[in-house]
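Here are my notes on the structure you sent over. Have it open while you read, and go through the points in order.

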Amino acid sequence: SFYMAYRFWHWSAFQLAQKVMKNQKFDLIHYLGPIGYREPGYMWRLSIPYVWGPIGGATHVPLALVSALPMAGKLKLVFRAAANWIQLRFSVRVRCALARADALLMATTENQEIFRNVLGRDGEYLPENGIVGPVILNVEKFKVMDKIRLVWIGSIEARKALVLLVRALAQCRYVDRFRVDVLGDGPLRSDLELQANDLGLESVFCWHGQTSRHQVRDFLDQAHLHVVTSVSEGNPTTIWEAMSCGVPTLALDHCGMHDTVRPGSGIKIAITDLDKIVEDMALALDRLAEAPAELRSMADQVVEHAADFHWDKRPEFFMSVYRRAMTKYHAS
C-alpha cells in the first residue's frame, strides 16, 4: 500500500512540475527520495538534465545471517529477496530512469556493484547521510574505564539482529567488563531481555527503551564502542551520530558499514557462517577487554576520518556532479 500511494504522489508531483516548467526555467532535476531504487518517480520524463540518487536497496541478506532471525523475519526477508530480484531486472520504469539519468549516485559500494553487474550501469558512491555539526570526542571517559561501555541503537526487530550481540557476549571470557546500553524498543525486546537473562547477562544489558536524540547524544558521549548488528541496512544514521562523538563502531562487514567503518576506526566482522560470526564478535570484544587502550586509538581515528563524511563537503560534491550531468545531457 505504501508503494501504491507513493507512486500516485510521484505522478501528481510530475504533473505539477510540468505546469511549473511552463513559466520558469530550471537547469536540472535532482531526484532524491528514500534510498530504495524501487520507485523512480516520473521526473526523468522531463527534458532537462537528470540526476538520480543516492539509491540502494538492491542487496540481499546473506544466507548465513537468515538463520539468526525468527520465522516471521525469515519469511519477510525471503519475500523481499524474491520481489527484489524480479523488480531489479524487469521494472520498466526503473530501467527507463536509469537509462535517462545523466548522473547516478549509489548509497553503498555493494549496490554500486549490483547495478553494474545486473543492469550494466555505473554510479558514483555517495552515502545518503552524513555528519552534521562539530565532531567532539569526550576524552575523560578513557581515564577510568571500570566498564567498557557499548551502545546499541535502533528498533529491536528481526532485521536489526540484536540477538547476535547477546549471543556474542554470552561467549566472552571477560563479559563482566562490559556494559551494554540498548537504546530503542520493538517487537523482540521482551524475548531478547529474557534470552539475555537466561544467559546470565542481566547485569550486562541495560534496556532504556525509546530515547530522545538528546539522550542518544549523552549515551554516545559516554560510550567506548558503538555496535551495529543489522543483517540489512543502507547507511544507518547511528553511524554518523557515533562518528560525531568520536565513537568507533563494531559492525558486520556488509551494507553501508563496509564503506563507512574505516580501518583503524572500528571493527568489521566478516560474513561467514552464523556461529563463526558470533565467535569472531566475541573474540573482538575480548581483545578490547585485554587492551582497552585500543579504544582510545580507534576513537582518534574516527575523529580523523569523520571529516570525509561531513555534510560541509556535500555542496562542492553536488555542484561537481551537476556540472558533469549538464555537460553530458547537452552533449547528447
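**Notes on the fold and a few residues**

1. Four strands make up an open sheet, ordered 1-2-3-4, and their pairing is parallel. Strand 1 (29-31) and strand 4 sit at the edges, each pairing on one side only. Keep in mind that this is a predicted model.

2. Now the pairing inside that sheet. Strands pair through backbone hydrogen bonds, and this can be parallel or antiparallel. Here, strand 2 and strand 3 run parallel and are joined by three bridges. If you want a spot to check by eye, take Val51: its bridge partner in strand 3 is Ala103.

3. Next, helix 5, which covers residues 109-119. Which of its residues are buried? They are Asn111, Gln112, Phe115 and Leu119. Looking down the axis of helix 5, you'll find these buried residues within an arc of 105°, so they line one face of the helix.

4. What do the buried residues of helix 5 pack against? Their partners include strand 2 (50-55), strand 3 (103-106) and strand 4 (124-125) from the sheet. Helix 3 (71-90) and helix 4 (92-100) are also on the list. Just past the end of helix 5, have a look at Gly120, which takes a positive phi of about 65°.

5. Is Thr108 buried or exposed? With a relative accessible area of 1%, Thr108 falls under the 20% cut-off, so it counts as buried. Leaving out residues up to four places away in sequence, Thr108 touches Tyr125, Gly234, Asn235, Cys255, Gly256 and Asp259.

6. Together with Trp85 and Ile86, Phe90 makes a nonpolar surface patch of about 350 Å².

7. Last one: Gln18, in helix 1 (residues 2-21). Its relative accessibility is 36%, so Gln18 counts as partly exposed. Gln18 and Leu46 are 28 residues apart along the chain, and their C-alpha atoms are separated by 7.8 Å.

Terms used: Residues numbered from 1 in each chain as written. Predicted model: local features only at pLDDT ≥ 70, side-chain atom pairs only at ≥ 80, totals over all residues. Heavy atoms only, no water. Buried < 20%, exposed > 50% of the residue type's maximum accessible area, 1.4 Å probe, protein only. Helix = DSSP H or I, 4+ residues; strand = E, 2+ residues; numbered from the N terminus. Arc of directions from axis to C-beta. Contact = heavy atoms within 4.5 Å. Patch = residues over 30% accessible without salt bridge, like charges linked within 9 Å, V, L, I, M, F, W, Y side chains within 5 Å. Areas by Shrake-Rupley, 256 points an atom, 1.4 Å probe, with all protein chains shown as cover. Salt bridge = Lys/Arg side-chain N within 4 Å of Asp/Glu carboxyl O. Pairing = 2+ DSSP bridges.
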